[in-house]
Amino acid sequence: MNSEILATCCALGYLEGDTYHKEADCLESVKDLIRYLRHEDDTRDVRQQLGTDQIVQNDLLPIITQYRQDKSLFDACIRLMVNLTQPAMLCFGKVPDDPVFRQHFLKVTSHLEAYKEAFASESVFGILSETLYNLLQLDWEQRQEEDNLLIERILLLVRNVLHVPANPCEEKKVDDDASVHDRVLWAIHMSGFDDLVKFLASAQSEQQWSLHVLEIISLMFRDQTPEGLVSAGHTRSAEEKQRDANELELLRQKEHAEIRSRAFKRGTRHSRFGGSFVVKGLKAIGDQDVIYHRHVHNFKNYSHDIGKSVRRVPKRNRRAQETQDQRRSALNVRLFLREFCVDFLENCYNRLMYLVKESLIREQTQQHDETYYLWALSFFMAFNRGNGFRADLVSETMSIRAFHYIERNITNYYEMLLTDRKEATSWSRRMHLALKAYQELLFTVNEMDRSQDEGIRQSSNVIKSNIFYLMEYREIFLTLLRKFDETKQPQSYLKDLVETTHLFLRMLERFCKGRRNLMVVKRKKSRGKKPQSAVDRSPEALAETWKVVEEELKTSGFQLSGALMESIVPFDATSETPLEDQRTEAMVRVQDALLARLGPEALGLLRAAREVWPEGDVFGSADVEPEEELELLKQILNANLPRSTPPEAAVEEEDSPAELEEEELESVQVSETEFNFLDFIKRFANPGVVRPYLLLLKTYSKNTPHTNHCIVRMLHRLAVDLKMDALLYQLSVFHLFNKILSDPSSAAYKELVTFAKYVLNRFFSLAAKNDKAYVELLFWKNVGAVREMTEGYSKDGDGKKPSWTEEEEEELRKLYEEHRDSEDPDIVETLLPLLSNSSRTRRHVVLQLVHMGLVQSTKELKKPKKGTGIVLWTEEQVQELQMLFEEFRDSDDVLGNILKKITAKRSRARVVDKLLSLGLVSERRELYKKRRRTAKGKSSGRTEEEFLAELTRGHPDEPASRDDDEDEGEEESEESDEEDDEEEQDKEKSPKGGISSQRLNVTVERRADVSNMVSALREEGLSGPLMWLQNSLNRTANDREEDGCSQPVPFVPLTEANEDAMENKSFQRLLRKLGMRPPANEQERFWRIPAKISVSQLRSAAAALSPREDEPEDRGTATETQEEEEEEDSQEKRAQALRALLLTRKRKQLSSDDAGKRGKLSCYRVCGKISPQCNPCERNSTKRSRSRVLDDEEGTVLLLPLQ
């Protein structure tokens, strides 16, 4: 025991009789205890010691009762009690598995039970009610933050006290006796706290406490049932009396049957020798018959398992445990709770449920708070249904939104039940709670159907039309029955599921009878695509097709509906196929639409593709005339476009259920169809659905009559209505039927007895015709097995695969022997066109090859998947990759060019990883596609906006054209450009034209500019730093030549002169001119030599730093430098003017002039043919007609748009 905690408790005060005397430092002691609790260990030692000392019973409760005027002390005591009454599950996180921690958990729980008993006092709740009432009387302007905190703490304290679980073993209370929980509820009622709870639930200004209020209400009614509260205080009805009489008669019949059976077992006279008997036909361990050494009257209970040890069931296979049984509270408690329910429904239910639902939707609640909402929905709607049903009292939760919300929660709980196996029990309880809420919604809709109000019945029909129309609501019970797992879900869940399914089917059947044609949403599954018939591509057929399409388009006036244009999507944004490759597919789709004689669809797809791919005018120019569109469609129709072969399904020996389910999900199509009730019932004819019903039927003696009726009604639908009684021909089912028929009280189960006799009679009638029927009893049967068992077994191979003649088998054998050694990766595709019988499919050929023994398994003939599947790199492939990298390392798209040229096709990620592992690149950024800028005066097929935007950004090759701020902005823009290129690298082609040649001659072009800059720097006195820079370049070139690998090398200035030079703007321009890289981000400090610069380029750059011998040492260099700076200013002004011009053009969005329209030709007119790979071949020529050429002093060509 901690002496400090003991001393602190003693410093609180002492209790003398009924009077408590507090010490002077009582408030500080309470705060110290709060601080101790904040630092307790995992065993909750502080909490256990305070519980052992009974600090709540002897100190805290007397303090708040007698010293409530001391606000600071009262607040501190409430804080401490909120902490002490915290549920043990929150303290430990879960029920501990370790025995030591389990003991600590039980001790904390026992202390909580003692706290709850201490709170069962009217005086304590009277103080809490009075304090809460005074706080609620304050307006929101007068209420301080401390007041709101105290309100919340009082609500949390009451919540914690009500949350303490009952301990029936310790209390030893029977029904109608007052338990500790009942005494707490009675104290709440006598103090008026329940009225404050109802006020908080209904007041508009107190809506922030809605979840606290709902949680308290749910804990108040924890042990109650709606039916028990409805009947509280009422005399029993005649129906209840008759039900009790039937139960009593059933027990009396069982007792008489047991007495008669015992009388038969006794012999006529006593015999010391029981006798030994030989059981004919029942073999023992050997070949002899069993010898029975007991009395002959006991032979009926003989079993081979007598004397054997009971086999232990693994923990994972044990049935789920039921929750605690509900008990009946004292009558006065039930009466006050009944009145609470009536007032709550009339004044609070709709508003409170609306606030809680909004908080749940907006995710303003804590985890699992939706369970209180589900409980309140099911409890109060059930109470309303039993206490004189009124639809207006529960209108907030009686909507399609409520059905959807609960259905979504059921689905979520089931998914978590499968994934979070450690908390499977908790998820199962939540799922059961959601199912109960769904069941109550159906009960309420069914009650609305029987209402006298026409408006309520019409609302019920609207709700039923929606839940029966949508597929999710119809099939939820079918799914839950199939997914039932007795190891995770208790039998009470199965009982509610069976009863809810019975109610739903009864409502659906009644709804269908009053309507002839009921349309519902249906999910259509297609396992595979049928092979498309070959299209006639002869010139005559194409001419006929074009004639029809042309006439249709001219009739419509080339006008397309808005719905058609919205439904057409020319590309798939989620596809992994690059956007340029999808352009080819889009043109193929246009051709397919034309071949199908769908003119408007083809024209709409052409226009949509033109908006996505405007470059190159492949799909026509933006201002194309309808006649030109018609001509373009005709050329597309007659063009020979490359088509990709659709992948076929690989042949498997057996398809696993997971693969089949995945395939079904991929091919789901939703459509509207006419509903047939019998067809819907046929979906229940499945062993996975029948098995849960029979599992619940095993406890027929403990089930209610309504539960047994629901089971028999479903089995009757399958066996009688669908004539599938063979589904029940199973040995365990017959054993259960035998148990029912031999039950002494079988007269009380007339439905079960009648149904069992019907099924047995049908089986013995079938057994007389089918001698294999007794063997079939050992297996569960699906619909196909039922049909074979009742209608006769089909011959082997009937209806499964077409027969092969001897000539066809010999032909297949010869073709296989000829091509088995070929290098074709898919031999089946090679054999299919060579077979004389063209109707053979790939599956037929594969199965026949296996049947003939030419291959061992169908897995050997699987069609290669679309992926490459290549993982390892051979030595030749590595050499090829190195050669390709050296070839394209100076190009703008290194990685794209390598992927196009490499022989063994691999993914982009694998190639990048290999380049990094080989040391060819040091970081992934070096493989990003670069946006190179062409020399001035060359349009290279760019638009005017692109050229102007590029010109305003400047050019990296311009000498002395930017200051430091502009340099930083340029680097940031280049970085963002490279990142954008990496994201869109599959959607852009690498530029073609003169860029590569520019890169080859870049050193020669720059030598003159570099020499001028070097001379200017020498005039400034930077000869030393230039020499240091030249030595660094030469040393790096030598290192790279020796090591054979490249790494970025930083320039680290060690002298003050070199450091000053690195901060000089002119020196930085020289570094940029030489291709050096500035610091990329704030984490880098020095300039670097990029890894991509080759040894020859480094030495060329170093040589450019040497002074030229033929250059005169005079002031001419300085003059040239001044001229260059003046040129910089003029170019900067020109760039600003071009920026303003570009903004003006974007704002006005002027259309092109007539000259531009006449000059711009579509690609198919220039090329004379249609090809999906058609590039904008004449873009330069079309731009010349829309531009004006301006020359400056250096001969630089600028393109300005005509206004």
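Where does Lys-723 lie? In this predicted model, Lys-723 is found in the loop between H32 and H33. Its phi is positive, about 55°, although Lys-723 is not a glycine. Lys-723 counts as exposed because its relative accessibility is 65%, and the cut-off for exposed is over 50%.

The loop between helix H32 (705-721) and helix H33 (731-741) also holds Asp-725. Asp-725 is buried, since its relative accessible area is 4% and buried means under 20%. Side chains of opposite charge can pair when their charged atoms come close. Asp-725 forms a salt bridge with Arg-762, and the closest N and O atoms are 3.4 Å apart. This pair links distant parts of the chain: Arg-762 belongs to helix H34 (residues 750-769), and the two residues are 37 residues apart. Arg-762 has a relative accessible area of 40%, so this residue is partly exposed.

A second residue with a positive phi is Glu-363, where the angle is near 55° and the residue is again not a glycine. Glu-363 sits in the loop between helix H17 (349-361) and helix H18 (370-386). With a relative accessible area of 67%, Glu-363 is exposed.

The salt bridge between Arg-762 and Asp-725 can be set beside others. How many salt bridges does a search of the whole structure find? The search finds 31. One joins Glu-339 to Arg-338, with the closest N and O atoms 3.8 Å apart. Arg-338 counts as buried because its relative accessibility is 13%, while Glu-339, at 43%, counts as partly exposed. Another salt bridge brings together the side chains of Arg-390 and Asp-392, at 3.0 Å from N to O. Arg-390 has a relative accessible area of 37% and is therefore partly exposed. Asp-392 is placed in the partly exposed class by its relative accessibility of 45%. Salt bridges can also be joined up: Glu-40, Arg-44 and Arg-47 are linked in a network of them.

Which residues form the negative surface patch? They are Glu-1056, Glu-1059, Asp-1060 and Glu-1063. Residues in a patch have no salt bridge. Of these residues, Glu-1063 is found in the loop between helix H48 (1056-1062) and helix H49 (1065-1073). Glu-1063 counts as exposed because its relative accessibility is 56%.

The last stop is helix H4, which covers residues 55-66. The expected span uses one less than the number of residues.

Is H4 mostly covered or mostly exposed, and how many of its residues are buried? H4 is mostly covered, with 9 of its 12 residues buried. An α-helix has 3.6 residues a turn, so residues three or four places apart point the same way.

Note on methods
Residues numbered from 1 in each chain as written. Predicted model: local features only at pLDDT ≥ 70, side-chain atom pairs only at ≥ 80, totals over all residues. Heavy atoms only, no water. Helix = DSSP H or I, 4+ residues; strand = E, 2+ residues; numbered from the N terminus. Expected span 1.5 Å × (residues − 1). Buried < 20%, exposed > 50% of the residue type's maximum accessible area, 1.4 Å probe, protein only. Salt bridge = Lys/Arg side-chain N within 4 Å of Asp/Glu carboxyl O. Patch = residues over 30% accessible without salt bridge, like charges linked within 9 Å, V, L, I, M, F, W, Y side chains within 5 Å. Areas by Shrake-Rupley, 256 points an atom, 1.4 Å probe, with all protein chains shown as cover. Lys, Arg positive; Asp, Glu negative; His and termini not counted. Charge placed at Lys NZ, Arg CZ, Asp CG, Glu CD.
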